[in-house]
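Have a look at the sequence and the structure, then work through each task before you read its solution.

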Amino acid sequence: MDVRNCRGCGKLFNHISGPFICPACREKLEEKFQEVKKYIQDNPGVGVKQVSEACDIDGGQIRQWIREERLEFSEGSMELGCEKCGAPITSGRFCDACKASMVNSLNHVYEQPKAPAKDNHDSAGGPKMRFLS
């Protein structure tokens, strides 16, 4: 049993997984997420600052939802950049080019080198003889 203090309200709760917030605070945060999502859908072209002020929520929380790819802003309204190259992005942590590059790099890591074919015959074509000493 993992008992923690909620980072939102300070109450003790049994932590199972995820952020250190109690189920009640998690539910409130999810309601706030739905409010932010609806505001962004109703007002295309808004930025984090406008959403933060209109919905009364911390801009850092909005950026976290964007990095988690739960929210996506329209082109030109975000000041978010790729963590690898700095290119402007609307959601997530990396641009499409950097994602493709990382996937390609990982695919090369997982490729298994092929073992050379074993030759059980000598040059004359017969089986090899082995001696034990």
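## Exercise 1: Placing Val3

Leaving aside neighbours within four places in sequence, Val3 is in contact with Leu12 and Phe13. Keep in mind that this is a predicted model.

Task: Find the strand that holds Val3, and decide whether Val3 is buried, partly exposed or exposed.

Solution. 
- Step 1: Locate the residue. Val3 belongs to strand β1, which covers residues 3–5.
- Step 2: Take its relative accessible area, which is 47%.
- Step 3: Compare with the cut-offs. Buried means under 20% and exposed over 50%, with partly exposed in between. Val3 is therefore partly exposed, at 47%.
- Step 4: Val3 and Ile16 are 13 residues apart along the chain, and 8.9 Å separates their C-alpha atoms.

## Exercise 2: The two faces of α2

Task: Work out how the buried residues of α2 are arranged around the helix axis.

Solution. 
- Step 1: List the buried residues of α2: Val48, Val51, Ser52 and Cys55.
- Step 2: Look down the axis of α2. These buried residues fall within an arc of 100°, so they line one face of the helix.
- Step 3: Recall a general rule. An α-helix has 3.6 residues a turn, so residues three or four places apart point the same way.
- Step 4: Check the other side of α2, where Lys49 and Glu53 are exposed.
- Step 5: Find the partners. The buried residues of α2 pack against α1 and α3.
- Step 6: See what comes next. Asp56 follows α2 and has a positive phi, near 55°.

## Exercise 3: The largest pocket

Task: Describe the lining of the largest pocket.

Solution. 
- Step 1: The largest pocket holds about 220 Å³ of space.
- Step 2: Its lining has 13 residues, with Pro19, Ile21, Leu29, Gln61 and Gln64 nearest the centre.
- Step 3: Sorted by type, the lining has 6 nonpolar, 2 polar and 5 charged residues.
- Step 4: α1 gives the largest share of the lining, 4 residues.

Notes. Residues numbered from 1 in each chain as written. Predicted model: local features only at pLDDT ≥ 70, side-chain atom pairs only at ≥ 80, totals over all residues. Heavy atoms only, no water. Buried < 20%, exposed > 50% of the residue type's maximum accessible area, 1.4 Å probe, protein only. Arc of directions from axis to C-beta. Contact = heavy atoms within 4.5 Å. 1 Å grid on protein atoms, 1.4 Å probe; cavity = no way out; pocket = protein on both sides within 12 Å on 5 of 7 lines; lining within 4 Å. Points joined across faces, edges and corners; volume = space filled by probe spheres on them. Nonpolar A, V, L, I, M, F, W, Y, C, P; charged D, E, K, R; others polar.
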